[in-house]
Amino acid sequence: MPTAKGLDPHTPLYGPAQLVSQAPVGYMAKGQHGNSEFLTMVEGKARQTHQHLYRSLRKTCDLLVYGEMDGANSEWSSMQQHAGALVGSSSTGKACNSFSVHAAKTTQHQVLGSGMGWIAVKTGNINAVFVHVPNSIAKSEGQATLFYQNINKYLLQQGHGAIDLVMGDTNQGSNSFTPSVISRATNMIFHDAHPASEVTPSDSHQRSFSGTNSTASKKYDVAVYNTATINIVNVDYLSQSTAVNIDGVNMAAAVTDHMGIFVDVTK
């Protein structure tokens, strides 16, 4: 999609998308790119995300959340120019357990709390919990249930109400795992917002995958919603790829090992 680095990232740009080839195998191998170059790739992905979401949703993106990124760290400060102003962030000391929350209008959002593997944000009147469920508990029904139960209990005790939406990297063992354990944890019915077995990222041309992880085999990245409190208007995935220029040729390269997911909801 067309982007313009000097403009607000939420500004819709009109023009045709460019179909590009995938970068050659090994292009993103460890040690091939310095911090500055990688940062530029991630910034470009943020701008691409805003443009794709505008075309998919017919409205600008309200909230953009990155896992495995601490937006309060000075190394990521420039992301605010490309993803949106920083609403808040959380970190447990490890990048893989961090979250960075961005928006065009920060006053419309409130960080409600965070902990190991999660951050909760109230957007309008919706309680969204963004997760990176630790591998050590992700496939245990008992431990995963307790993980979500504790988050929901915290929100209720703080007077914010129950969880409406859970999004992120669940590391789940099966496609039905996360809706099942969250339903058990909250005593409410949660469904996968994108129950199809095939994943077709909206920014990829005629390509479908069996999963969202690096091997496209496991559907780790999901949006799971409370059927009693919100309705799903639209949901889809974004690929791992961002635009790069290789020897003067525009191509696409993966900057993460997980797909992004977007959802438009009403309450």
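Start with Ala 216, which is partly exposed at a relative accessible area of 24% (partly exposed lies between buried, under 20%, and exposed, over 50%, with a 1.4 Å probe and protein chains only). This is a predicted model, where local features need pLDDT of at least 70, side-chain atom pairs count only at pLDDT 80 or more, and totals for chains, interfaces and linings use all residues. Residues are numbered from 1 along each chain as its sequence is written, and side-chain values use heavy atoms, with hydrogens and water left out.

Ala 216 sits in the loop between strand S9 (190–192) and strand S10 (221–226); strands (E, at least two residues) and helices (H or I, at least four) are DSSP runs numbered from the N terminus. Check its backbone: phi is about 55°, positive although Ala 216 is not a glycine. Most residues other than glycine have a negative phi.

Next, select Asn 171, in the loop between strand S8 (165–169) and helix H4 (177–186). Its phi is also positive, near 55°, but Asn 171 is buried, with a relative accessible area of 6%.

Now pick Glu 198, in the loop between S9 and S10. Which residues does Glu 198 contact, leaving aside neighbours within four places in sequence? They are Ser 208, Phe 209 and Ser 210, where contact means heavy atoms within 4.5 Å. Draw a distance from the C-alpha of Glu 198 to that of Gly 211, 13 residues apart along the chain: 7.3 Å.
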